[in-house]
Each structure stands twice: as structure tokens, then as C-alpha cells.
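Dear colleague,

I am passing on the structure we spoke about, and below it you will find my notes on what turned up. Please read them with the coordinates open beside you.

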Amino acid sequence: MKKKRALFISDLHLSDSDPQITIQFEYFLSNIAKESDQLYILGDLFDYWIGDDQRENEMAWSVARLLNQVSKSGTQIFFLHGNRDFLLGKAFAVKSGFQILKDETVVQIYGKSLLLMHGDTLCTDDIEYLKFRNIVRDESWQRDFLAKELKEREDFALSARQVSNHNKSQKNADIMDVNVKEVEKTLIKYRSCQLIHGHTHKPAHHTHKINGGLFNRYVLPDWDTGGGYLVCDRTGCRLEWLSPYTRFKSN
Ligand code: LP5
Ligand code: MN
């Protein structure tokens with residue numbers, strides 16, 4: 001019998017260069033997600049995604065197989081795109097047994113309305129990023145990109161990661177956090193009393209007082225040093241942490 005609870009994760013950034021995160025995720029899926037009614041993955045599951053036709057990406061397909069097993073065991077799994085894996089498509093979703101949700105989806109969990117987002121669109125002061133986002137979220141841009149050879153796509157992705165890391169080092173940290181006015185606008189737009197998002201890697205429970213009402217905002221952690229998840233059940237929502245793993249990265 002599954003536990004009546006929904007789990008929320010994001011920003012795992014799975015890649016071959018950091019296998020410990022994949023091991024931690026496999027542990028989480030087999031021991032925690034499998035015991036739960038629902039799992040929501042709110043973007044950036046992968047470090048970058050260049051198309052569902054990456055036949056040789058063994059790590060990704062083994063993650064898909066495990067997700068599929070968990071889904072077949074009765075845990076419903078949902079995914080929404082992040083800024084790293086916005087090209088993840090239906091073929092991978094089918095293999096993984098999960099359903100793709102659009103960014104800004106409202107779900108009803110144990111009597112509460114929850115608004116789910118990756119969180120990047122809340123960072124409205126990061127004008128340069130939003131320009132990049134507009135380009136790469138365009139359907140015809142994506143069609144052209146996915147028509148390129150895998151090797152060329154991979155080279156683009158690696159360059160984009162490098163440029164992004166360089167640009168981030170030059171940006172003021174505040175710019176890369178959410179814009180509170182945008183958060184409040186979004187909460188009012190959806191009349192949702194709880195917002196769950198990731199992206200900023202600043203896990204927290206914030207409350208926002210808007211027009212006399214109190215709104216909750218939960219920010220999910222990244223998985224760089226162990227990871228964690230938000231659990232919501234009849235009693236409410238809380239952040240839970242996985243034990244930190246020992247890093248074997250050589251410098
Ligand atoms: O991801 P993160 O945490 O480093 O930073 C994000 C924003 N950056 C991005 C870019 C992604 O990391 C790249 C993901 C690769 C996806 C693979 C498929 C598509 C490849 C397409 C290639 C053209 O999202 C960063 C934000 C930060 O979050 C905080 O919110 O600030 O935004 C930027 O840094 C914006 C950059 O200015 C633009 C990004 C790169 C443009 C690169 C073009 C490279 C083309 C190379 C040609 C030879
Ligand atoms: Mn992100």
C-alpha cells in the first residue's frame with residue numbers, strides 16, 4: 001500500500017560526469033518515491049538534453065527504465081521542463097512512464113491547490129536569460145536544432161553550458177533569484193495558495209502576504225551535495241533531505 005503523499009523534486013542535473021547523483025536518485029526512486037502516490041519532477045532532471053534520440057546515453061535510458069518500473073508499481077509520475085531539459089520529448093516520457101505537464105500547472109493535492117513551475121520564468125530581472133529562453137522555446141528553432149546531427153547538438157549544448165557558467169559568474173546574484181513582484185503577480189493570477197518551484201537552488205519555505213491573504217512558496221533544492229525533496233500530505237508540505245554523499249570528484 002502506497003503512502004498518501006506527493007513528492008516534488010527538481011534540479012538533479014543528472015550526467016555521466018557526476019554518477020553519485022544518479023546513484024542517489026536511484027535510491028530515492030526505489031525506496032522513497034516507490035512508497036508514494038505521486039512524484040512530480042519540476043525540471044532539470046538532466047544536466048542538458050539534446051533530444052530523445054540519444055541511443056547511446058546509457059545513463060538516461062537506465063533512469064527511464066527505473067522510472068518506468070516505479071510508475072508500473074502504481075506511483076504516478078509527472079515531469080515539467082526545466083531550462084536544461086526543455087527538449088525532452090514524448091518518446092522519452094513514454095519510455096519513463098511519466099506524463100509531461102506544461103510549466104505553470106495547477107494540481108489538487110489532498111484538498112489544496114498547488115501551482116507547479118520550474119521557476120526560471122520568475123527570474124524576470126535576468127533579461128539576457130529570458131531572451132535566450134524565447135529563442136530556444138520557439139517551435140521552429142527546436143525543429144531545426146533537433147534535425148542537426150547528435151554530435152553537432154552536443155557541441156552546441158556544451159558551448160551553451162560554458163557560456164552560461166561564464167555569464168553567471170559576471171551577474172549579480174539578485175538578478176538570478178526570483179523577482180518577488182513577479183511571484184506575487186503569478187500567485188494572484190492563479191489564485192493558488194501554494195507555489196512549488198525549483199531552479200534557483202535556494203531551498204526554502206517562503207510566505208507572501210498579498211492583499212491580506214497568506215501564500216506559501218516552496219523552493220526545491222538542487223541535488224549537488226545530496227539532494228532533497230518536498231513532501232505534501234494531508235498534514236501539509238515540508239522539505240526533507242537525503243543524506244549527503246561523499247564526493248569523489250578529482251580536481
Ligand atoms: O543552467 P544554468 O544554471 O547554468 O544557468 C541558467 C541560465 N542558462 C541557461 C543555459 C543552459 O545552461 C544551457 C542548457 C543547454 C541545453 C541544451 C540544449 C540546447 C542547446 C542550445 C544551444 C544554443 O539556461 C542562465 C541564468 C541562470 O540559469 C540563472 O537563472 O542566468 O542564463 C544565461 O546564462 C543566459 C546566457 O546568457 C545565454 C546562454 C547561452 C547562450 C549560448 C549560445 C552558445 C552557442 C555556441 C555556438 C558555438
Ligand atoms: Mn533550472
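In what follows, a residue is called buried if its relative accessible area is under 20%, and exposed if that area is over 50%. By that cut-off Met117, at 1% relative accessibility, counts as buried. Please keep in mind throughout that this is a predicted model.

Met117 sits in the loop that runs between strand E6 (112–116) and H4. Leaving aside neighbours within four places in sequence, Met117 is in contact with Leu42, Leu80, Asp103, Glu104, Leu122, Thr186, Leu195, Ile196, His197 and Gly198. The C-alpha atoms of Met117 and Leu101, which are 16 residues apart along the chain, are separated by 9.7 Å.

Which residues coordinate the manganese ion (ligand 2)? The donors are Asp44 through OD, Asn83 through OD1, His118 through NE2 and His199 through ND1, at 2.1 to 2.3 Å. Read along the sequence, these donor residues of the manganese ion follow the spacing D-x38-N-x34-H-x80-H. Asp44 belongs to the loop between strand E2 (36–41) and helix H2 (58–72), while Asn83 belongs to the loop between strand E3 (76–79) and helix H3 (90–96), so this pair ties together parts that are 39 residues apart in sequence. Asp44 is buried, with a relative accessible area of 1%, and Asn83 is buried as well, with a value of 17%.

The other ligand, ligand 1, has 25 residues around it, of which Arg84, Asp126, Arg161, Asn167 and Lys171 come nearest. Taken alone, ligand 1 exposes 1000 Å², and the protein buries 84% of that.

Helix H4 (residues 127–136) deserves a look of its own. Tyr129, Arg133 and Val136 are buried in this helix. Seen down the axis of H4, the buried residues fall within an arc of 75 degrees, so they line one face of the helix.

Two backbone angles may be worth checking by eye. Phi of His13 is near 55 degrees, which is a positive value in a residue other than glycine; His13 lies in the loop between strand E1 (3–9) and helix H1 (19–31), and is buried, with a relative accessible area of 13%. Phi of Asn211 is likewise positive, near 45 degrees, again in a residue other than glycine. Asn211 is found in the loop between strand E8 (204–210) and strand E9 (213–219), and at 75% relative accessibility this residue counts as exposed.

Asp233 has its place in strand E10 (residues 228–233) and is buried, with a relative accessible area of 17%. The side chain of Asp233 makes polar contacts with the side chain of Thr235, at 2.6 Å, and with the side chain of Arg238, at 3.2 Å. Not counting residues up to four places away in sequence, Asp233 touches Lys4, Arg5, Tyr110 and Arg238. Although Asp233 and Gly111 are 122 residues apart in sequence, they are 9.7 Å apart in space, C-alpha to C-alpha.

Gly236, in strand E11, counts as buried at 15% relative accessibility. Tyr245 is placed in the segment after strand E11 (236–241) and is buried, with a relative accessible area of 14%. Leaving aside neighbours within four places in sequence, Tyr245 is in contact with Gln20, Ile21, Gln24, Trp223, Asp224, Thr225 and Gly226. By contrast, the C-alpha atoms of Tyr245 and Asn165, 80 residues apart along the chain, are separated by 24 Å.

Methods:
Residues are numbered from 1 along each chain as its sequence is written. Chains are lettered from A and ligands numbered from 1 in the order in which they are written. This is a predicted model: local features need pLDDT of at least 70, side-chain atom pairs count only at pLDDT 80 or more; totals for chains, interfaces and linings use all residues. Side-chain values use heavy atoms; hydrogens and water are left out. Donors are N, O and S atoms within 2.8 Å of the metal (3.2 Å for Na, K and Ca); water is not among the atoms, so sites may look incomplete. Helices (H or I, at least four residues) and strands (E, at least two) are DSSP runs, numbered from the N terminus. Buried means under 20% relative accessible area, exposed over 50%, partly exposed in between (1.4 Å probe, protein chains only). The arc is that of the directions from the helix axis to the C-beta atoms. A residue is near a molecule or strand if one of its heavy atoms lies within 4 Å of it. Accessible areas come from the Shrake-Rupley method with a 1.4 Å probe; for residues, only the protein chains shown count as cover. Contact means heavy atoms within 4.5 Å. A polar contact is a pair of N or O atoms within 3.5 Å; within protein, one must be able to donate a hydrogen and the other to accept it, and residues adjacent in sequence count only if both atoms are side-chain atoms.
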